[in-house]
Amino acid sequence: MTIWVDADACPSVIKQILYRAAERTQQNLVLVANQTLTVPPSKFIRAIRVSAGFDVADNEIVARTEANDLVITADIPLAAEVIEKGAIALNPRGELYTQHNIRQRLNMRDFMDTLRSSGVQTGGPPPLSQSERQAFANELDKYLVQFAR
């Protein structure tokens, strides 16, 4: 099992949680971004830099993801693609994307995109709260414990 991170948009505090979890559980953690990333020295943690461009990092993650891998992303279309491959997708706010809820999330994303393109100001997501950080850490730990069994 590998943990893949859509690292361009992943908050630093979430990356720190992932670094500690990878070391503690000795799971491979791969951060994919279109910029150079500095990661802690570890045999379990590495970064892959891809070229700049629309969805280049997402496409790299999809191409490398296998069943039972864990993908950390807030990108709902990316989450949908890795779920189709049998992987698990977890949002940095602690929301687990599943086959049961991904279509609803895609529909809501498309609706909000339509609103924005018609000129409606929808605003961005609020800053990551402490409870969301905790929810992420809890969901991550749940999956890592489940996978270890």
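## Terms and model

Axes are lines fitted to C-alpha atoms, for helices over the stretch in contact, and angles run from 0 to 180 degrees between N-to-C directions. Helices (H or I, at least four residues) and strands (E, at least two) are DSSP runs, numbered from the N terminus.

This is a predicted model, in which local features need pLDDT of at least 70, side-chain atom pairs count only at pLDDT 80 or more, and totals for chains, interfaces and linings use all residues. Residues are numbered from 1 along each chain as its sequence is written, and side-chain values use heavy atoms, with hydrogens and water left out.

## The sheet

Six strands form an open sheet in the order S3-S2-S1-S4-S5-S6, and the pairing is mixed. Strands pair if DSSP finds at least two bridges between them. S3 (45-49) and S6 (96-97) are the edge strands; each has a single partner strand, so one side of each lacks a neighbour in the sheet.

S5 (residues 88-90) pairs with S6 in the antiparallel sense, over two bridges. Leucine 90 stands opposite leucine 96 in S6. Helix H5 (residues 130-148) packs on the sheet. H5 touches S1 (2-6), S4 (70-72), S5 and S6, where contact means heavy atoms within 4.5 Å. The direction of H5 makes about 160 degrees with that of S5.

## H1 against H5

Helix H1 (residues 12-25) packs with H5 at an angle of about 25 degrees, their axes 11 Å apart. H1 and H5 are therefore roughly parallel to each other (angles under 35 degrees). From H1, the contact includes Val13, Ile14 and Ile17. From H5, Phe136, Ala137 and Leu140 are among the residues involved.

Terms used. Angles under 35 degrees count as roughly parallel, over 145 as roughly antiparallel, 65 to 115 as roughly perpendicular and the rest as oblique.
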